[in-house]
Amino acid sequence: MKLKKVIEELNLFERERTPAEIRILGIATYIQTSSTRRTARILSEFHPVSHTAIWKWIKKLEEKLLVSTEKKRRNLIAIDETVVKANKKHYYVYSAVERNELILMRVYPTRNWLVTRSFVKEVLRYCENKPKFVIDKAPWLIKP
């Protein structure tokens, strides 16, 4: 299931002032930078947004989806990648989820097997064991 569809199903946002792609990119950027102001500056190149709006997006996400920051035993992790278009450029948002827990979310300028491998290695830092991964049939998610 694509990330955009999941966010829509979680019903995180009441209003549509900011396009869903920008919000996804904003959430992923915030997870990487841990700064609402820095995220707002980055997003302002694509769409005007305040750091308060980003803070509200994160709070809504935390209400609906547990965000993990600890290393623990995990069994089955779903990995998905979503393409986000902003200013005529493509960005690839990777996410790893176990049940209703967001383990990791990252933004990359490209998508390929090496980027995916790097992402999976980072996900494994939050695992005490070697979990099984659920992926779709995208060639960049499948080991050659």
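Mentor: Here is a walk through the aromatic pairs. This is a predicted model, where local features need pLDDT of at least 70, side-chain atom pairs count only at pLDDT 80 or more, and totals for chains, interfaces and linings use all residues. Residues are numbered from 1 along each chain as its sequence is written, and side-chain values use heavy atoms, with hydrogens and water left out.

The structure holds three aromatic pairs. Rings of Phe, Tyr and Trp (its six-membered ring) pair if their centres lie within 6.5 Å; planes under 30 degrees apart count as stacked, over 60 as edge-to-face and the rest as tilted.

Take Phe 46 and Tyr 91. Their ring centres are 5.5 Å apart and their planes sit at 65 degrees, so this pair is edge-to-face. Phe 46 is in the loop between H3 and H4, while Tyr 91 is in strand E3 (residues 89–98), so the pair ties together parts 45 residues apart in sequence. Helices (H or I, at least four residues) and strands (E, at least two) are DSSP runs, numbered from the N terminus. Tyr 91 is buried, at 18% relative accessible area. Buried means under 20%, exposed over 50%, partly exposed in between (1.4 Å probe, protein chains only).

Now Tyr 94 and Tyr 108. They also make an edge-to-face pair, 5.3 Å centre to centre with 90 degrees between the planes. Tyr 94 belongs to strand E3 and Tyr 108 to strand E4, so this pair ties together parts 14 residues apart in sequence. Both Tyr 94 and Tyr 108 are buried. Ring pairs also bring in Phe 119, linking Tyr 94, Tyr 108 and Phe 119 into a cluster.
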